[in-house]
Amino acid sequence: MPGKNDVRLQKFMAECGVASRRKCEEIIESGKVKVNGHPAKLGDKVNPKRDIVTVRGKRLNKVDRMYYIALNKPRGYVTTVSDELGRKTVMDLVDVDARIYPVGRLDKDSEGLLILTNDGSFANALTHPKHNYAKVYRVTVRPSVNDEILQRLRTGIEIDGRKTAPCDVSVITEEEGRVVLEFILREGRNRQIRKMCEAVDLEVARLKRISIGPVKLGMLKAGESRRLTDNEVKKLLRSATPNETE
């Protein structure tokens with residue numbers, strides 16, 4: 001019978017630094033989680049003080065120290081904790097004595113600001129579909145743009161059967177055969193900017209994220225990381241939609 005201290009399994013896993021709550025749900029459904037030796041299923045609740053939860057055979061314990069890290073991801077790294085193809089991952093760039101993971105992603109050919117953490121509630125708030133903080137990208141495209149292309153990008157383009165939300169797009173620099181655009185997005189769909197540009201016959205030569213809400217990439221060099229300040233963490237949480245309580 002459920003007790004007052006029971007919490008949803010995916011919430012407990014996130015608080016232990018396994019992954020974001022939604023990713024934990026996928027891990028549960030994949031059959032890699034056991035509670036007191038029995039295979040777990042989505043919807044299970046656990047008592048953190050009483051139940052033994054294992055993921056891939058390793059017992060979970062609540063995290064004592066939370067990490068919030070900003071990384072300048074270089075091109076050529078995949079945004080995963082591990083890669084079955086043996087490719088370089090962003091975890092190769094961060095040396096932290098904790099099980100951290102990326103919040104959101106940048107594709108292998110993209111670069112710039114990426115946040116990593118072991119705080120499941122923080123990750124859940126930042127990846128909530130209704131978050132409202134802006135993410136800013138500098139995007140080099142070829143060959144050129146005109147007012148019609150810019151307006152299509154700003155008002156929304158149908159990709160994967162669904163129209164993108166309105167966004168801000170402006171020209172930063174322009175020369176023959178090459179334009180640098182600034183995109184400000186408030187949604188985060190898979191390879192969204194690349195697909196938007198492809199839809200208007202633009203080739204993306206470089207894509208770099210320079211800020212996420214109040215957190216700026218600044219002068220952080222490619223491949224280097226830093227701890228977020230307490231103020232940055234607080235501002236991120238204020239600007240994201242609060243995660244649901246359970």
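Leaving aside its neighbours within four places in sequence, which residues is Arg194 in contact with? This report on a predicted model begins there.

## Arg194 and its surroundings

Arg194 sits in helix α5, which spans residues 192-199. Beyond its neighbours within four places in sequence, Arg194 touches Asp107, Asp109, Ser110, Val204 and Leu207. Asp107 also takes part in a polar contact: its side chain meets the side chain of Arg194 at 3.0 Å.

Is Arg194 buried or exposed? The relative accessible area of Arg194 is 14%. Buried means under 20%, so Arg194 counts as buried.

## The second largest pocket

The second largest pocket has a volume of about 150 Å³. Its lining consists of Arg138, Thr140, Arg178, Val180, Ala205, Arg206, Lys208, Ile210 and Leu217. By class, the lining splits into four nonpolar residues, one polar and four charged.

Which strands each supply at least two residues of this lining? They are β10 (135-142), β14 (178-185) and β15 (203-212). Strand β15 gives the most, with four residues.

## The open sheet β3-β2-β5-β6

Four strands make up an open sheet. Their order is β3-β2-β5-β6, and the pairing is antiparallel. Which strands stand at the edges? They are β3 (38-39) and β6 (58-59). Each has a single partner strand, so one side of each is left without a neighbour in the sheet.

Strand β2 covers residues 33-35. Two bridges join β2 to β3, and the two strands run antiparallel. Across this pairing, Val35 stands opposite His38 in β3.

## Glu175

Glu175 belongs to strand β13, residues 168-175.

How far apart are Glu175 and Arg227 in sequence and in space? In sequence, 52 residues separate them. In space, the C-alpha to C-alpha distance is 37 Å.

## Recap

Arg194 in helix α5 is buried and makes a side-chain polar contact with Asp107.

How values were computed
Residues are numbered from 1 along each chain as its sequence is written. This is a predicted model: local features need pLDDT of at least 70, side-chain atom pairs count only at pLDDT 80 or more; totals for chains, interfaces and linings use all residues. Side-chain values use heavy atoms; hydrogens and water are left out. Two strands pair if DSSP finds at least two bridges between them. Buried means under 20% relative accessible area, exposed over 50%, partly exposed in between (1.4 Å probe, protein chains only). A polar contact is a pair of N or O atoms within 3.5 Å; within protein, one must be able to donate a hydrogen and the other to accept it, and residues adjacent in sequence count only if both atoms are side-chain atoms. Contact means heavy atoms within 4.5 Å. On a 1 Å grid over the protein atoms alone, a cavity is a set of points where a 1.4 Å probe fits but cannot get out, and a pocket is an open set with protein on both sides within 12 Å along at least five of seven lines; lining residues have an atom within 4 Å of a point. Grid points are joined across faces, edges and corners, and a volume is the space filled by probe spheres set on the points. Ala, Val, Leu, Ile, Met, Phe, Trp, Tyr, Cys and Pro count as nonpolar, Asp, Glu, Lys and Arg as charged, and the others, Gly among them, as polar.
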